[in-house]
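Please keep the sequence and the model in view while reading.

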Amino acid sequence: MARIFNHARKSTLALRQRKGFLLQQLRVPADVLRASVVERFSTCGKAQCHCHHGGSKHGPFYYLTQCLAVGKINKFLLKTPAQQQAAQAGIEHYRQLQAQLEELSQINAQLLRRGEPLAGE
Ligand SMILES: [Zn+2]
């Protein structure tokens with residue numbers, strides 16, 4: 001769910017200033033990544049292994065999951081700590097970018113409601 005900004009009570013000038021600030025801040029990080037990282041423990045293929053006999057399972061393993069459409073998920077193992085860190089950083093950058101876009105979008109909706117132009121000021 002998107003964060004709801006309380007823009008309705010702000011002056012049009014304040015909204016325009018905030019919008020200008022957001023537009024200045026906005027840039028797309030090269031590593032931006034819309035995905036999740038999930039942690040999994042699993043059993044192995046060896047029947048004699050402790051993991052099949054009440055012992056601890058193997059892991060943790062970290063998988064990147066990316067929902068492409070309903071029921072269509074891109075999922076693969078992040079094999080190295082470097083991959084895991086790169087994934088986490090890219091996901092965080094995506095989250096920040098999305099939050100900025102969401103606020104900008106809500107400001108634009110409020111400006112539109114007031115009959116203000118949205119572009120070219
Ligand atoms: Zn095992």
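## The zinc site and its surroundings

At a relative accessibility of 26%, His58 counts as partly exposed, a class that lies between buried (under 20% relative accessible area) and exposed (over 50%), as computed with a 1.4 Å probe on protein chains only. The model is a predicted one, in which local features need pLDDT of at least 70 and side-chain atom pairs count only at pLDDT 80 or more, whereas totals for chains, interfaces and linings use all residues. Residues are numbered from 1 along each chain as its sequence is written, and side-chain values use heavy atoms, with hydrogens and water left out.

His58 contributes its NE2 atom to the zinc ion, and the other protein donors are the SG atoms of Cys44, Cys49 and Cys51, with distances of 1.9 to 2.3 Å from the ion. Donors are here N, O and S atoms within 2.8 Å of the metal (3.2 Å for Na, K and Ca), and sites may look incomplete because water is not among the atoms. Along the sequence, the donor residues follow the spacing C-x4-C-x1-C-x6-H.

What arrangement do the 4 donor atoms around the zinc ion make? The arrangement is tetrahedral, because the angles that the 4 donor atoms subtend are 106 to 114 degrees; for four donors, the tetrahedral label requires all angles to lie between 85 and 135 degrees.

## Salt bridges

Side chains of opposite charge can pair when their charged atoms come close. With a salt bridge defined as a side-chain nitrogen of Lys or Arg within 4 Å of a carboxyl oxygen of Asp or Glu, the model contains 3 salt bridges.

| Glu116 | Arg16 | 3.1 Å |

The salt bridge between Glu116 and Arg16 links distant parts of the chain, since Glu116 belongs to the segment after helix H2 (81–113) and Arg16 to helix H1 (residues 12–25), 100 residues apart. Helices (H or I, at least four residues) and strands (E, at least two) are DSSP runs numbered from the N terminus. Glu116 counts as partly exposed, at 27% relative accessibility.

Glu103 counts as buried at 7% relative accessibility, whereas Arg18 counts as partly exposed at 31%.

Glu92 is partly exposed at 31% relative accessibility, and Arg95 is partly exposed with a relative accessible area of 45%.

## Strands and other local features

A cis peptide bond, with omega of about 5 degrees, joins Gly59 and Pro60, and Pro60 is found in strand E2 (residues 58–69). Most peptide bonds are trans. Strand E2 also holds Cys67, which counts as partly exposed at 43% relative accessibility. The C-alpha atoms of Cys67 and Ala35 are separated by 7.2 Å, although the two residues are 32 residues apart along the chain.

Phe76 has its place in strand E3 (residues 72–77) and is partly exposed, with a relative accessible area of 37%. In helix H2, where Gln96 lies, the C-alpha atoms of Gln96 and Ala86, 10 residues apart along the chain, are separated by 15 Å.

The charged end of Lys75 sits over the ring of Tyr63, 5.0 Å from its centre, a contact that requires NZ of Lys or CZ of Arg to be within 6 Å of the ring centre and within 35 degrees of the ring normal.

Technical notes. Four donors count as tetrahedral if all angles lie between 85 and 135 degrees; four count as square planar and six as octahedral if opposite donors are over 155 degrees apart and all others between 65 and 115; anything else is irregular.
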